[in-house]
Amino acid sequence: GDKFDMEILNYIKREYKLLIGERTAEDIKVKVATVFPDARHEEITIRGRDMVSGLPRTITVNSKEVEEALRESVAVIVQAAKQVLERTPPELSADIIDRGVIITGGGALLNGLDQLLAEELRVPVLVAENPMDCVAVGTGVMLDNMDKLPKRKLS
């Protein structure tokens, strides 16, 4: 999530010569961002400091621009997911083809990420019910049940 915010911040700085804060970049991500082409057509008006004049300036940013800003970071995620699937044992691959993958964390909330991954990976992609909390909750359940896990020697 923070990486996406920084990509948006740097895009605005590069394309508009406008300095914005991390909170503004987060607002852009939440309100207009998409990573799947033509999945969202929103605009947001933001304020920042003009890098040339030093004065406050207002601009409007749209979903297509944010998609462009995030393209490189999202390509890295897609490539990593492809590499994982390529190294997956055949029996697990069959389950993934049937059931799909579930994405979690703040990035899972990014508009169009599930669609993009499904298209690129050619498997169903679902967003977890509570993507921001589910990993922490699952880790807590595992820690509560450590005594039930098989004992392994650390080497």
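The dialogue below walks through a predicted model of a protein chain, from its overall form to single residues.

Biologist: How many helices and strands does the protein chain have, and in what order do the elements run?

Modeller: The secondary structure comes to 6 helices and 5 strands, and from the N terminus on the elements follow the order α-β-α-β-β-α-α-β-α-β-α. The radius of gyration is 20 Å, well over the 15 Å that the globule rule gives for 155 residues, so the protein chain is more spread out than a compact globule. The extents of the C-alpha trace along its principal axes are about 65 × 35 × 30 Å.

Biologist: What share of the residues counts as buried, and what share of the contacts joins residues at least 24 apart?

Modeller: Of the 155 residues, 31% count as buried.

Biologist: Which residues have the most contacts inside the largest nonpolar core, and which elements supply it?

Modeller: In soluble globular proteins, nonpolar side chains tend to be buried together. Here the largest nonpolar core has 32 residues, and those with the most contacts inside it are Ile 12, Ile 20, Ile 28, Ile 46, Val 66, Leu 70 and Val 74. At least two residues of this core come from each of α1 (2-16), α2 (22-32), β2 (43-50), β3 (56-62), α3 (63-86) and α5 (113-121). If we take Ile 20 and set aside residues up to four places away in sequence, the residues it touches are Leu 9, Ile 12, Ala 25, Ile 28, Ile 46, Arg 47 and Gly 48.

Biologist: Is Ile 59 buried or exposed, and what does Ile 59 touch?

Modeller: A residue is called buried when its relative accessible area is under 20%. Ile 59, which lies in strand β3, is buried, with a relative accessible area of 7%. Not counting residues up to four places away in sequence, Ile 59 touches Ile 12, Tyr 16, Leu 18, Ile 44, Thr 45 and Ile 46.

Biologist: Where is Val 78 found, and which residues is Val 78 in contact with?

Modeller: Val 78 is found in helix α3, and at 7% relative accessibility this residue counts as buried. Leaving aside neighbours within four places in sequence, Val 78 is in contact with Leu 116, Leu 117, Glu 120 and Leu 121. The C-alpha atoms of Val 78 and Gly 100, which are 22 residues apart along the chain, are separated by 15 Å.

Biologist: And how should I read Val 101: where is it found, and what does it touch?

Modeller: Val 101 is found in strand β4 (residues 101-103), and at 21% relative accessibility it counts as partly exposed. With residues up to four places away in sequence left out, Val 101 touches Ile 96, Pro 124, Val 125 and Leu 126. Asp 114 lies 13 residues from Val 101 in sequence, and the C-alpha to C-alpha separation is 9.6 Å.

Biologist: Which residues other than glycine have a positive phi, and where are they found?

Modeller: Lys 17 has a positive phi of about 55 degrees although it is not a glycine, and it is found in the loop between α1 and β1 (18-19). Lys 17 is partly exposed, with a relative accessible area of 43%. Asp 38 likewise has a positive phi, near 60 degrees, and is found in the loop between α2 and β2. At 60% relative accessibility, Asp 38 counts as exposed.

Biologist: How much space lies in the largest pocket, and which residues line it?

Modeller: For a pocket, one reads the volume together with the lining. About 170 Å³ of space lies in the largest pocket, which is lined by Gly 1, Phe 4, Glu 26, Lys 29, Val 30, Arg 40, Gly 106, Gly 107, Leu 109, Leu 110, Asn 111 and Met 132. By class, this lining has 5 nonpolar, 4 polar and 3 charged residues, and the element that gives the most to it is α2, with 3 residues.

Terms used
Residues are numbered from 1 along each chain as its sequence is written. This is a predicted model: local features need pLDDT of at least 70, side-chain atom pairs count only at pLDDT 80 or more; totals for chains, interfaces and linings use all residues. Side-chain values use heavy atoms; hydrogens and water are left out. A nonpolar core is a set of buried Ala, Val, Leu, Ile, Met, Phe, Trp, Tyr and Cys residues joined through side-chain atoms within 4.5 Å. Buried means under 20% relative accessible area, exposed over 50%, partly exposed in between (1.4 Å probe, protein chains only). Helices (H or I, at least four residues) and strands (E, at least two) are DSSP runs, numbered from the N terminus. Contact means heavy atoms within 4.5 Å. On a 1 Å grid over the protein atoms alone, a cavity is a set of points where a 1.4 Å probe fits but cannot get out, and a pocket is an open set with protein on both sides within 12 Å along at least five of seven lines; lining residues have an atom within 4 Å of a point. Grid points are joined across faces, edges and corners, and a volume is the space filled by probe spheres set on the points. Ala, Val, Leu, Ile, Met, Phe, Trp, Tyr, Cys and Pro count as nonpolar, Asp, Glu, Lys and Arg as charged, and the others, Gly among them, as polar. The radius of gyration is taken over C-alpha atoms; the globule rule is 2.2 Å times the number of residues to the power 0.38.
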